[in-house]
Amino acid sequence: MVGICEELGIEVTKHSVSRFADGEIFVQIDESVRGDDVFIVQSTNPPAENILELLLLADAARRASAARITAVIPYFGYARQDRKDKPRVPISAKLMAKLMESAGFDRILTVDLHADQIQGFFDIPVDNLYATPIFKKYLLSEFPMGLNPEEWIIVSPDVGGIKRARTIAEKLWNLPIALIDKRRPKPNVAEVVRVIGDVKGKNVLLIDDIIDTATTISNAAYALREEGANRIIIMATHGLFSGNAIEKLENCPCERVVVTNTVNHNFDLPGKFVVLDISQLLAEAIRRIHRGGSVSQLFL
Ligand code: R5P
């Protein structure tokens, strides 16, 4: 949040977040926001307190007569639970949307939403930014001539990510794409991981939106190496790094893991990891929303 404010040349509005003795959250905005265009920045990854703080601050801003309240959610947690695909499960992403609207948000600004159609859970405007320009800038700093489509290929680590991989490939020098197909032939039989596409002798950008336990992406890296892939660079927008994800990524056959800072960590990452700053992109989107400018131009 500090990075966004620095980009915008403004101060973070004074506010306090504290606890009652039993752990209940208490928030207060410590200066007037009457008539203001308010942006509340919070990713909604666990702990659940992150979501509650976001909702409570929106309620506080609404009751303090803010003119408009936007939730800036760099990582939209619960987005993976976007359908009822088993009996008796919630559609958590939809519930989050309802909670945010009820709390008083007028619009949402987020980055690489797990599925575009989650926007339909909201009846308020949602701007979903893509981190691709940030990854492209990073790649250009490492490979000033860009990536040659004869040498490099983009791989999605699962079938669900193929649309994302295709969209990113168009923006990254029209690189060809391949994907990993994971199948469990029978219950309790080990998963078969198959590479669809020719990666032999190719350099790979292995791309996903989220790295959680790193199981998906590290298994994909092993499968690619087995199929004869050469250099492997992992890129994902949201690095959650749960459990022993860091260890898995350290050990798997990739030379680098590139993520953005949509999720903050209070631990140091090993040298193989690169964390790209998303604040400039968010600041520019906030500036445009405030002035009524086009946000879609940031997608180019
Ligand atoms: C799944 O649909 C997502 O795009 C990611 O592939 C998934 O969340 C990664 O999870 P994990 O790192 O735990 O395998």
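In this predicted model, the side chain of Arg 80 has an N or O atom 3.0 Å from an oxygen atom of the ligand, inside the limit for a polar contact (a pair of N or O atoms within 3.5 Å; within protein, one must be able to donate a hydrogen and the other to accept it, and residues adjacent in sequence count only if both atoms are side-chain atoms). For the side chain of Asp 209, the corresponding distance to a ligand oxygen is 2.6 Å, and for that of Thr 213 it is 2.5 Å. Alone, the ligand would expose 380 Å², and 82% of that is buried by the protein (Shrake-Rupley areas, 1.4 Å probe; for residues, only the protein chains shown count as cover). Residues around the ligand, meaning those with a heavy atom within 4 Å of it, include His 114, Asp 158, Ile 210 and Asp 212.

Thirteen residues of domain 1 touch 14 of domain 2, contact being heavy atoms within 4.5 Å. The two domains bury about 1,200 Å² between them, 51% of it on carbon and sulfur atoms; buried area is the accessible area (1.4 Å probe) lost by both parts on being put together, summed over both. Tyr 75, Arg 80 and Asp 112 supply 41% of what domain 1 buries against domain 2, more than any other three residues.

Two salt bridges are counted between the domains (a side-chain nitrogen of Lys or Arg within 4 Å of a carboxyl oxygen of Asp or Glu). Arg 80 and Asp 212 form a salt bridge through their side chains, at 3.1 Å from N to O.

Residue numbers start from 1 along each chain as its sequence is written, and side-chain values use heavy atoms, leaving out hydrogens and water. Local features need pLDDT of at least 70 and side-chain atom pairs 80 or more, whereas totals for chains, interfaces and linings use all residues.
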